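Please walk through the structure below one part at a time. The paragraphs after it go from a single residue to the chains and then to the places where they meet.

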Amino acid sequence: MKKKRTPGQWLRSRDGQKTLVMIAFMIVPLLLLFVFTYLPFGQMFGFSFYNMKYVGERKFVGFKNYLKVFERDDCFGALKLSLYYMLGSVVQLAIALYLATILSFKVKGSAIFKGFMFFPFLINGIAIGFIFKFFYTRGFVFDTVLQWCGFQLDNLPYWLKDQRINNFSLVGTSVWRYFGQNMVLFIGAIMSVDQELYEAAMLDGANRFQQFKYIILPGIKTIVTLNVILSITGSLSAFEPPFVITDGANGTGTYFIVMHQIAHTQQKVGLASAMAIILLLIIFLATLLQKLFFKYVFRSAEDEDPRAAKKRERAIARIAKKRAGSAQAGG
Amino acid sequence: MEGMKKAGRSCLTVLKYFSLVFFSFAAVLPVVSCVITAFKTDEEYQTTNVMTLPKSWLNFTNFTEAFQKAGMGRAFVNSFIILVCVLFFSVIIGTQLAYVLNRFHFFGNKIIRALFLFASQLPGVAMQIAVYEIMYGLGFINSLLGYIIMMCGTDIISIYIYIQFFENIDYSLDESAIIDGASYFTIFYRVLFPLLKPAIVTSCILKGVGTYNEYYCASLYLQDKKKYATVATSLYTFVGPLGSKYNLICAGVIISLLPALIVFILCQKQIYSGLTAGAVKG
């Protein structure tokens with residue numbers, strides 16, 4: 001026994017200190033979290049039942065705001081635009097995965113390529129707006145480059161005005177901005193796969209595609225899944241490209257653009273809140289469905305895992321045998 | 001057989017470098033065209049094609065004019081104040097929170113983590129509808145202090161980076177300090193905080209770039225563009241009558257992204273690893 005008073009007292013004082021530290025260390029972040037996230041979240045829910053501005057009278061209107069969201073063309077119809085952004089994010093993930101695979105093997109100047117492709121992620125939104133207004137202006141950068149490639153200026157559309165094409169132009173800017181960042185994430189994931197696996201596969205003579213399919217892809221499926229989920233929910237709340245480039249004009253107003261204008265320009269706070277709540281519900285539903293979907297896919301994949309592993313072994317063995325065979329034939 | 005294999009491999013190599021060059025070109029083209037235009041005089045800008053190189057690479061008049069017209073001197077001071085304060089406070093808040101969440105097991109630990117995770121999923125633009133009312137109520141419109149306090153709030157990525165780092169610090173360090181009679185405050189500030197340095201650097205770079213580039217809340221809450229513009233929102237000067245003088249605008253844009261470029265060149269590794277660390281857990 002040590003020379004302590006009662007063990008209970010000692011514990012209590014240690015515990016007391018613990019509680020004190022916990023309170024001292026957590027009170028500020030929790031307060032901030034409450035004031036800037038959960039309090040407004042609750043308030044927004046409340047606002048959605050009122051006809052109100054930020055200042056002045058508020059009138060309770062029940063579910064009228066919610067009905068209006070579905071009735072007005074500019075609100076709910078704008079969600080259709082998120083399909084463009086979903087398509088864009090698929091393209092973006094594919095490009096990122098392709099480039100990450102290339103860069104995870106030995107490549108000359110890989111740091112420079114990586115840096116060039118990543119840098120757009122670090123540019124501030126308003127600068128991006130100006131850069132692309134300039135880029136897409138008639139006869140300017142994009143048109144000039146296309147003319148170098150042999151296109152005639154007269155056959156080219158107005159990239160930001162032509163309603164058939166302008167949403168693709170905007171999605172392009174978003175792909176431009178984020179593909180490098182996705183690529184860096186994927187490279188990180190690929191690098192975290194055990195290097196010995198690659199060496200073993202190389203020794204066994206597996207080709208690039210086989211390496212990708214049997215080693216890289218299984219190693220990074222978590223992060224790919226995560227990015228798919230993020231990008232689909234992200235495309236529902238697409239906001240930045242039209243906000244900084246076209247200001248939502250010419251049929252580029254996504255749901256969030258319309259919501260921003262209703263809230264801050266027209267000051268119909270109740271209606272905007274209802275829009276926000278509806279979109280949040282849709283996003284949660286989409287996230288949930290995707291999680292279930294991927295869980296289902298992965299569970300069945302895991303069930304097949306022993307079989308897949310056997311298949312992989314067999315494939316590698318076959319290649320090794322062929323190698324040995326051709327070496328013998330050559331010798 | 002061997003020959004075909006060799007041909008196939010060199011074909012792949014060509015494809016590989018072609019893809020890299022193509023996508024790198026696509027990534028830098030919009031920025032490079034801005035740089036080219038920023039060095040052109042008004043007359044050159046009006047008479048030459050945008051991709052024609054400027055006569056002189058030493059023509060900095062657009063840069064000085066853009067800097068003055070957009071009040072970027074003031075904006076850089078504001079951005080600097082915001083950056084320093086936000087980083088300072090969020091490092092303290094974030095490391096302390098991560099320490100408690102990682103080292104202490106108590107009822108509500110998981111709930112608090114879940115609350116932060118959920119908060120990070122809420123789209124910011126939607127939340128600002130109601131946050132605006134709160135900022136208004138607190139008198140935080142047109143107040144640098146208010147904006148700074150708001151920006152110190154939820155930041156799940158740095159918290160994750162810190163928690164991950166704490167997980168790799170052996171608990172025996174804490175234990176031996178406890179045996180020596182150190183209080184929890186002492187353990188945190190004397191023993192653990194210095195060890196966190198790499199994680200702090202990483203999260204500061206990420207959060208720093210994010211704060212410097214933030215423009216949506218800045219334009220909502222710092223409406224007085226003369227006094228409280230940040231570097232990002234100072235670019236709004238070029239909307240309107242100056243909207244077609246792209247040689248001037250491009251110069252402003254280039255000035256605004258120089259700090260990010262410098263940080264990127266100096267700290268590439270930390271940026272990459274920070275992003276990866278934040279993403280795997282998130």
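A:Asp15 sits in helix 1 of chain A, which covers residues 7-47. In this predicted model, A:Asp15 counts as exposed because 10 C-beta neighbours lie inside 10 Å, and the cut-off for exposed is 12 or fewer. Its C-alpha atom is separated by 69 Å from that of A:Val145, a residue 130 places away along the chain.

Among the contacts in chain A with a separation of 6 or more, 70% come from residues 24 or more positions apart.

Two helices of chain A show how such elements pack. Helix 4 (residues 82-104) and helix 8 (residues 166-191) of chain A have axes 7 Å apart and pack at an angle of about 35 degrees. The residues of this contact between helix 4 and helix 8 of chain A comprise 20 nonpolar, six polar and no charged. As for handedness, helix 4 and helix 8 of chain A make a right-handed crossing.

Helix 9 of chain A, residues 195-203, gives another picture. How many of its nine residues are buried? The count is zero, and helix 9 of chain A is hardly covered. Just after helix 9 of chain A comes A:Gly205, with a positive phi of about 85 degrees.

A positive phi also turns up in residues other than glycine. A:Asn250 is not a glycine, yet its phi is positive, at about 55 degrees. A:Asn250 lies in the loop between helix 11 (240-245) and helix 12 (255-265) of chain A. With 15 other C-beta atoms within 10 Å, A:Asn250 is partly exposed, since a residue counts as buried at 20 or more and as exposed at 12 or fewer.

In chain B, B:Asn142 likewise has a positive phi, near 55 degrees, and is a residue other than glycine. B:Asn142 is placed in the loop between helix 6 (124-137) and helix 7 (144-151) of chain B. There are 14 other C-beta atoms within 10 Å of B:Asn142, so this residue is partly exposed.

Chain B as a whole has 15 helices and zero strands. Its C-alpha trace spans about 75 × 75 × 35 Å along the principal axes. The radius of gyration of chain B is 24 Å, whereas a compact globule of 282 residues would have one near 19 Å. Buried residues make up 39% of chain B. Of the contacts in chain B between residues at least 6 apart in sequence, 76% join residues at least 24 apart.

The two chains touch each other. Chain B brings 69 residues to the contact, and chain A brings 66 residues. On the side of chain B that touches chain A, the elements giving two or more residues include helix 1 (2-38), helix 4 (72-103) and helix 15 (246-281) of chain B. That side of chain B has 54 nonpolar, 13 polar and two charged residues.

Which residues have the most contacts inside the largest nonpolar core? They are A:Ile131, A:Phe186, A:Met259, A:Met275 and B:Val253, and the core has 160 residues.

Methods: Residues numbered from 1 in each chain as written. Chains lettered and ligands numbered in written order. Predicted model: local features only at pLDDT ≥ 70, side-chain atom pairs only at ≥ 80, totals over all residues. Axes fitted to C-alpha atoms, helices over the stretch in contact; angles between N-to-C directions. Helix = DSSP H or I, 4+ residues; strand = E, 2+ residues; numbered from the N terminus. Left-handed = near helix turned anticlockwise from the far one by under 90°. Nonpolar A, V, L, I, M, F, W, Y, C, P; charged D, E, K, R; others polar. Contact = placed C-beta atoms within 7 Å. Core = buried A, V, L, I, M, F, W, Y, C linked by C-beta atoms within 7 Å. Rg over C-alpha atoms; globule rule 2.2 N^0.38 Å.
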